[in-house]
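Visitor: I would like to learn how to read a few features of a protein model. Please take them one at a time.

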Amino acid sequence: MVAVVYSDEFLKHITGRVHPESPARVQVCAESLRELPSLHWLAPRPATMTELTWVHKLEYINLVAAMAQRGGGRLDADTPVSPASYEVALLSAGAWLVGMERVLAGEPTLVIARPPGHHARPSTGMGFCIFGNAALAAYFALHQGCQRVAILDWDVHHGNGTQEMVQADSRIAFCSLHQDPAYPGTGAATERGDHGNVLNLPLAPGSDGAVYRQVFTNQVEPFLRAFAPEVLIISAGFDANRADPLAQMLLEPADYGYFTERCRTLTDHILVGLEGGYDLGATRDSIVAVAKALLV
Ligand SMILES: [Zn+2]
């Protein structure tokens, strides 16, 4: 069995009519996944304050809460907060923790949640992200007794926030494939983490499935295999799809199924959480390809 963590509550984080990070993103993913047999659906829970402070400053958490309470605002030019956004962001972070519990119990798990998290920094939100879901899930696994946790971030943008939250901890490895140049401008190959535990793989705009597969074989897999994680967290953005409006990569949904197959040769303890992906059809087809690869 494969678990899916999802709630319609995620639709209540309102970003505005023209914002690419729309409620429809998770809606179409959930609708398509419901057509697959053998998925085990779970509801999220909110992350607790204690958990959030593993990766965020308390002042920042309180700032988001206060902003939502007074009717909303913006954490940066791209990152709106609506009245329900604080509660929804707690639930999005908690969804990754419910997912991690399932993974540790032996069930690969998909988290279909928003807002996404990999750009959120310890003291600021940015790039559509409010709380650092993937980093939080990694620390949760460590608190549950894991010794070695890896995060693979294949969103087309560098996971700057996640890297910042984990790079000083030798128990966590972080690998990011991303378009360069692109937002947010970080993620140079020279950024290796405090313990050589970070691998950044900047790729030229126009990279296709063949390029990605070669990088997977030659760089991603050896790095992760050498680290030997007990659990693999995938920050699964689908904005490197050819159809995506925010980047210039040329992947097809089937490529994400291939990446998932390769990850399963490393471990079956896999948590896949949604990050970016702004073409609704391509994002939906990609998450279905990932789910099918986990179900094999
Ligand atoms: Zn992205």
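Visitor: What percentage of the residues of the protein count as buried?

Guide: This is a predicted model, in which local features need pLDDT of at least 70, side-chain atom pairs count only at pLDDT 80 or more, and totals for chains, interfaces and linings use all residues. Residues are numbered from 1 along each chain as its sequence is written. A residue is buried if 20 or more other C-beta atoms, placed from the backbone, lie within 10 Å of its own. Here 53% of the 296 residues count as buried.

Visitor: How many residues of α4 are buried?

Guide: Helices are DSSP runs of H or I with at least four residues, numbered from the N terminus. In α4, 17 of the 20 residues are buried, so this helix is mostly covered.

Visitor: What span should helix α4 have?

Guide: The expected span is 1.5 Å times one less than the number of residues. For α4 (residues 85-104) that rule gives 28 Å, and the end C-alpha atoms are 29 Å apart, which agrees. Just after α4, Gly-106 has a positive phi of about 105 degrees.

Visitor: Which residues of α3 meet α4?

Guide: Two residues are in contact if their C-beta atoms, placed from the backbone, lie within 7 Å. Val-64, Ala-65 and Ala-68 of α3 meet Ser-85, Tyr-86 and Ala-89 of α4. The residues of this contact comprise five nonpolar (Ala, Val, Leu, Ile, Met, Phe, Trp, Tyr, Cys and Pro), one polar and no charged (Asp, Glu, Lys and Arg), the others, Gly among them, counting as polar.

How values were computed. A residue is buried if 20 or more other C-beta atoms lie within 10 Å of its own, exposed if 12 or fewer, and partly exposed in between; C-beta atoms are placed from the backbone. Helices (H or I, at least four residues) and strands (E, at least two) are DSSP runs, numbered from the N terminus.
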